[in-house]
Amino acid sequence: MREIAFIKQNKEKWLEFEQAIFGKVKKNPDELASLYIQLVNDLAFAQTYYPKSKAVIYLNNLAARTYQLIYKTKRHEKNRILSFFTTDVPLTVYANRRYVLYAFALFGFFLFIGVFCAVKESDFLRLVVGDGYVEETLQNIKKGNPVAIYKSGSDWGSAIGITLNNLEVGIKEFILGITGGVGTAYVLFQNTIMLGAFQYFFYEHGVFGKSVRGIWLHGAMEIFGMVIEAAAGFVIGASVLFPKTYSRLVSLKHGFKNGLIIWFSTIPFTIFAGTIEGFVTRYALEMPLVLNIFIILSTLLLISWYYLIYPKRVYNRVMNNQSKR
């Protein structure tokens, strides 16, 4: 069958899915499940015969959204919070994985800009964070502890203050997606060039290794989370700029919902990172190096697995389970 004939033959059925997803047509879970099985079959057919077609992407996203709707309406569901983090979030991340990729690409680019500017302009870091912060860090370097700034304040006060600040950054990245993603990119830019400039600053003063032992204890999870929060903002931005076959309002509602799911999922990681920064980072250079490495790698692997590997596994499991019915 030619692709155009395949689309024409199934167009009405797919539109019925869309109407059910956006609440325009009410269907019970059993009806949705029946339609979902048909959708999975169409997706498998399209993947086999039109692997590079936009129809595959469309059906992929539609399948993920339909599954979420079915899952949320199941009466026997016992733990909604658990299902949110083990099913809803992974499926939403997988359906919007391109925006995660875009966020990481921009992060890498902005990081390069931060390092490049610091190399070319010795006072660049002062322009970014201010003279006071730089002078204090220079004094700490002379004293042999370049990350001693993390010892200031109480552990509880630092953890709460840092967590609230990081949550604020994440909320800004998410909400500013309404600007078409421009505001989100700007917030990511501000924070990433600061990171790049600071890391070069430590490298320039011969304490790069010590800075990594301190900054990345909490930074592995905190910075990764910041990138995912940017991806949530880009989801909203894309819904504004590219509504496709939907009205702009309907597209925005859908984009906001998906972006909200992704952003909300980062909150536990943000809190955990803030806790590490408040209670653990202050002892970064006093603890054994092996413990530094363990904390950095374990936190990085955990959040990387959850957002980069686990979503594909959940999606494949859902597809396999449904195809067997």
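Good morning. The largest share of the lining of the largest cavity in this structure, four residues, is supplied by helix α9. Before I continue, a word on the source: this is a predicted model, in which local features need pLDDT of at least 70 and side-chain atom pairs count only at pLDDT 80 or more, while totals for chains, interfaces and linings use all residues. Residues are numbered from 1 along each chain as its sequence is written, and side-chain values use heavy atoms, with hydrogens and water left out.

On a 1 Å grid over the protein atoms alone, a cavity is a set of points where a 1.4 Å probe fits but cannot get out; a pocket is an open set with protein on both sides within 12 Å along at least five of seven lines; and lining residues have an atom within 4 Å of a point. Grid points are joined across faces, edges and corners, and a volume is the space filled by probe spheres set on the points. Helices are DSSP runs (H or I, at least four residues), numbered from the N terminus.

I return to the cavity. A search of the whole structure finds one cavity of 30 Å³ or more, and the largest cavity holds about 50 Å³ of space. Its lining consists of Ala118, Glu121, Ser122, Phe124, Leu125, Ala197, Tyr200, Phe201 and Glu204. By class, the lining has six nonpolar, one polar and two charged residues. Here Ala, Val, Leu, Ile, Met, Phe, Trp, Tyr, Cys and Pro count as nonpolar, Asp, Glu, Lys and Arg as charged, and the others, Gly among them, as polar.

Next, the open space. What is the volume of the largest pocket? The volume is about 840 Å³. Of the 32 residues that line this pocket, Tyr150, Met194, His218, Glu222 and Glu277 are the closest to its centre. Two or more lining residues come from each of α7 (131-142), α8 (155-175), α9 (182-204), α10 (208-241) and α12 (267-279). Helix α10 gives the largest share, nine residues. The lining divides into 17 nonpolar, twelve polar and three charged residues.

I turn to the salt bridges, each a side-chain nitrogen of Lys or Arg within 4 Å of a carboxyl oxygen of Asp or Glu. How many does a search of the whole structure find? The search finds five salt bridges. In one of them, Glu168 and Lys172 meet at 3.6 Å, N to O. Both residues lie in helix α8, four residues apart, about one turn of the helix. In general, an α-helix has 3.6 residues a turn, so residues three or four places apart point the same way. Glu168 is partly exposed at 42% relative accessibility, and Lys172 is partly exposed at 42%. For these terms, buried means under 20% relative accessible area, exposed over 50%, and partly exposed in between (1.4 Å probe, protein chains only).

Salt bridges that share partners also join Asp123, Arg126, Asp131 and Glu135 into one network. Arg126 is partly exposed, with a relative accessible area of 24%; Asp123 is partly exposed at 37%; and Asp131 is partly exposed at 47%.

Two individual residues deserve mention. Leaving aside neighbours within four places in sequence, Asn60 is in contact (heavy atoms within 4.5 Å) with Leu43, Gln47, Tyr94, Arg97 and Tyr315.

The second residue is Phe264, found in helix α11 (residues 248-265). Phe264 is partly exposed, with a relative accessible area of 39%. Not counting residues up to four places away in sequence, Phe264 touches Phe84 and Phe85. Phe264 and Phe85 are 179 residues apart in sequence, and their C-alpha atoms are 9.8 Å apart in space.

The expected span of a helix is 1.5 Å times one less than its number of residues. The 18 residues of α11 should therefore span 26 Å, and its end C-alpha atoms are 26 Å apart, in agreement with that value. Thank you.
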